[in-house]
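Please walk through this structure with the text below, keeping the sequence at hand.

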Amino acid sequence: MPELILSHVTRRFSGHTAVDDFSLTVRDGEFVCLLGPSGCGKTTTLRIIAGFERADAGRLTLDGADITHAPPQQRDIGLVFQSYALFPHKTVAENIGFGLKMRGRPRAAIAAAVEEALALVRLEGLGGRYPRALSGGQQQRVALARALAIRPRLLLMDEPLSNLDAQLREEMRNEIRRIQKSLGITAVLVTHDQAEALAMADRIAVMAKGRLQQMADPATIYEAPATAFVSGFIGQANVLEGRVESTGAEAVLALPGGVTLAGRGDGLAAGAATRAMVKHERMALCRAEPAQLANRFPCQVAERTYLGGSIAYRCEAAGMTLTALLPNHPLFESFAPGDTAWIGWAATDCAFFPC
Amino acid sequence: MTGARGVQWLLLLPSLLLLALLLGLPLAAMLANSLQPNVLLSFTGPALDNYGYLLSRSYYLQVILRTLRMAAVTTLVTIPLGYIAAMLLRRLSGRAGNLAIMGLTFPILAGPLTVVLGWMALLANGGPFLGPLVAAGLIGPPNLLGSETGVVISLVQFVLPFAVLTLYTGLRQIQPQLHEAARSLGAGSLSGFLHVTLPLSLPSALSASIIVFSLAASSFISPHYLGGAGQLTLTTLVTQFIMATFNAELAAAAAGLLLLLMLAAVIGITAAIGRFIRP
Amino acid sequence: MRFLGKAAGGLYLLLLYLFVAGPLLFVIATSFNPATSFPAPFEGLTLSWYAAILRRPEFLSAAGTSAVVAALAAALAVVVAFLAAYALSRNGSSSARGAMATLLASPLLVPQVVISLAILQLASAWGVGTGFWGLVAAHAVYVMPFALRLLLTGLARFDFAVEEASRSLGGGWLSTWREVTLPLLRPSIVAGFTFCFILSFVNLPLSLFLTSPDTATLPIVMFAYIESRIDPMIAAVASVIVLAAGTATILLDRFLHVRLVD
């Protein structure tokens, strides 16, 4: 079964460590997104898996076999490049058939595989064109078909959608997902776009500064971030700093102004400097006091930003500046700057992270 | 990839070997030869007597000064002419720009020997353009053939394409938005040029000046045909030593002197223009 | 005002191009003039000077020698420059690349007469004749920087990711070069060879001290001829060279879209 295992992979460049003791298991048929800001080491990790970058330490196995030192051409890993890297002097069919030609397959078999791959990415009849005669979205599909035509054990994609415009990007998300599932192929996609990762992945590996921050399914990543970095990187959060007053299933944090917050968190110690994070859309803003919420404060609306699908309110409450994101829907109350209101959030939505 | 550095050096090796064996080694042999005694000067080598000889005779000093003067005048005339042309060409695009650049490449490829034939005809007796005016008594005979002015005119013509192409490449790399930004901030067309375009184009002006000076100082064909025996430069002097007086050691010394002066000139030009280049 | 400025700019460029190309155009015109002296007033149109070239076997055999020397020098220069340009573009840090490119361009700053003299004196220091290969050596070292410059320009537009794509699809080093790298860089390689060939073919000073009667190049034969006399036949020879160089410039631009400048 094609299962990819990275254990304790490290890659240092002069001056900094791009990938730091990174371990990851991608299960058979699973779609994993490596998500992180630029410079977090996700592309280096992908290039180590593909064999274009060596690991200074650690080990890679694919399908049970050690591939740490195998040259790229012997790994049977399909790779989709950010720039697509289509061969401009070869037709679409020649591009797609290239990997099979390198494997010495007979001409007829290559032709059949190319037709199949073209059908898979819905580009029937375009085999005779040259890459530059295709649109960006079509080039993207050719790059995908070329990587898949060799029947790889693993499909790697490096920011494959970043060169497409917004509309096409959403279409291609679903398209790549559909193809991956229909082939049952194991896939790893590198991206800095959280929406892309949340929409496509079975599991997301969040990376920062060369290290794995959290590896979990999209909902867990979003709802239960393991670190302050993940909490701040996925979605937008209000951040408040204070010291732990009491620990337990429901912990209490004291802010400098004398305000206390109820929330949850692991590894907290009484008196330790700690950060509370609450997602903007988990904030309630209403005229009546929301008695069911553990954290609630009277506030004054300072700023209203109309975002179309939602409306963001910046509020001042007990020395805190908080942002609440409300759906733009008649069921929700609307406020104007200067209005007084109540702002609140549940203890379960309030995550505490040691600083 | 493992060993990528090693592979890189391996790929650079042939070109470095080519330079070392076909340029470095011959130059070393030539410079060694320039320190040896010869039919004219007997001394126990290696010593600098050949250089001392060339630098102590006013005839040879004149040759050296003439070489430097011609190259300097050529540079001072060519760079402004070429700069204006490059500024104008920069605005052309597509087909016209393409043709303009080809038009400049073409004389380089045709070679200086064919070009100089044209100058021999054009400069003799005023040539077809000035000739009729001379015949009509409107102007005196220009006598450009065999004069320093004639050589400089042909040198300017020979090096202009190199200067324009270098300056053009440099000017094209300056984002037009920078000039527009200066204009939007209240700079006039001229002060926008003086404060933005000109300073940013100085690196290419520096390379153009070095190329032009070097080409002019090392030119052989123009001084040989248009200057003749009366207007010897260091290159034609070297040929005289080899072909007429058969003195290989003095030829080597003259060549060594030329290399030394060109090196000094490159350093001088770099210092003169380089101090205006920021950062 | 705007129109006047444009007109003045156009006039300036026109005069500049006339100045740059004028001597060449005049040589071509002269080659059709039946007058026997050079220069002379125009007396009509004739092709007899071109026919006269064919009756001078030394010009034809010298052209042959020049072609062989130029082909060998250009081939050597392009191979060596390609390897260097590839290494510099692929791996070099930009400062190392700049320093190396400057070092490899150094032959441009050495006077060609001096290159010729230096190779002559190295050969005599070793007590051997310069011979044919001394000639090729001088030409190769001089044209190499031109090849390097063209190839560096070509490689700057080359997306090295296509090599990785080939490798990830199972291509080894050799098949990646054969299938992907070399075909994509073919225009630069062909253009580099052509430019080097022409620059070597028309060059006089490099050959000045390195030819024997057996290995006289075309510019050397022209040089000797002009020393004794000048007539429109030599203009005809020059015109043929100009025509060939012009054709090559146009062909390179039209079919390979390669120029000395981008």
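How many residues of chain B are in contact with chain C? The answer is 77 residues of chain B, which meet 75 residues of chain C; contact here means heavy atoms within 4.5 Å. The model is predicted, so local features need pLDDT of at least 70 and side-chain atom pairs count only at pLDDT 80 or more, while totals for chains, interfaces and linings use all residues. Residues are numbered from 1 along each chain as its sequence is written, chains are lettered from A and ligands numbered from 1 in the order in which they are written, and side-chain values use heavy atoms, with hydrogens and water left out.

Between chain B and chain C about 6,800 Å² is buried, and carbon and sulfur atoms give 83% of that area. Buried area is the accessible area (1.4 Å probe) that two parts lose on being put together, summed over both. On the chain B side, B:Leu11, B:Leu109 and B:Leu117 lose the most area to chain C, together 10% of what that side buries. Helix α1 (residues 4–33) of chain B supplies the largest share of the side that touches chain C, with 18 residues. Helices (H or I, at least four residues) and strands (E, at least two) are DSSP runs, numbered from the N terminus. By class, this side of chain B has 60 nonpolar, 16 polar and 1 charged residues. In that scheme Ala, Val, Leu, Ile, Met, Phe, Trp, Tyr, Cys and Pro count as nonpolar, Asp, Glu, Lys and Arg as charged, and the others, Gly among them, as polar.

Between chain B and chain C there are 0 salt bridges, a salt bridge being a side-chain nitrogen of Lys or Arg within 4 Å of a carboxyl oxygen of Asp or Glu. The count of residue pairs in polar contact between these chains is 6, both residues being at pLDDT 80 or more. A polar contact is a pair of N or O atoms within 3.5 Å; within protein, one must be able to donate a hydrogen and the other to accept it, and residues adjacent in sequence count only if both atoms are side-chain atoms.

Within chain B, B:Thr105 lies in helix α4 (residues 94–110). B:Thr105 is buried, at a relative accessible area of 2%; buried means under 20%, exposed over 50% and partly exposed in between (1.4 Å probe, protein chains only). A polar atom of the B:Thr105 side chain lies 2.8 Å from the backbone oxygen of B:Ile101. B:Ser93, in the loop between α3 (58–91) and α4 of chain B, is exposed at 56% relative accessibility.

Rings of Phe, Tyr and Trp (its six-membered ring) pair if their centres lie within 6.5 Å; planes under 30 degrees apart count as stacked, over 60 as edge-to-face and the rest as tilted. C:Phe32 and C:Tyr50 make a tilted pair, 5.5 Å centre to centre with 35° between the planes. C:Phe32 lies in the loop between α1 (2–30) and α2 (48–54) and C:Tyr50 in helix α2 of chain C, so this pair ties together parts that are 18 residues apart in sequence. C:Phe32 is partly exposed at 25% relative accessibility. The rings of C:Phe82 and C:Trp177 are edge-to-face because their planes stand at 90°, with centres 5.6 Å apart. That pair links helix α3 (residues 57–90) to helix α8 (residues 173–201) of chain C, across 95 residues. Both C:Phe82 and C:Trp177 are buried. Ring pairs also link C:Phe82, C:Tyr86, C:Phe158, C:Phe160 and C:Trp177 into a cluster.

Chain A has 8 helices and 20 strands, and buried residues make up 50% of its 355 residues. A salt bridge joins A:Arg203 to A:Glu30, with the closest N and O atoms 2.4 Å apart. A:Arg203 is in strand β9 (residues 203–208) and A:Glu30 in the loop between β2 (16–26) and β3 (31–35) of chain A, 173 residues apart. Both A:Arg203 and A:Glu30 are buried.

Another salt bridge, between A:Arg47 and C:Glu164, is 2.8 Å from N to O. A:Arg47 lies in helix α1 (residues 42–50) of chain A and C:Glu164 in helix α7 (residues 161–168) of chain C, so the pair joins two chains. A:Arg47 is partly exposed at 25%, whereas C:Glu164 is buried at 11% relative accessible area.
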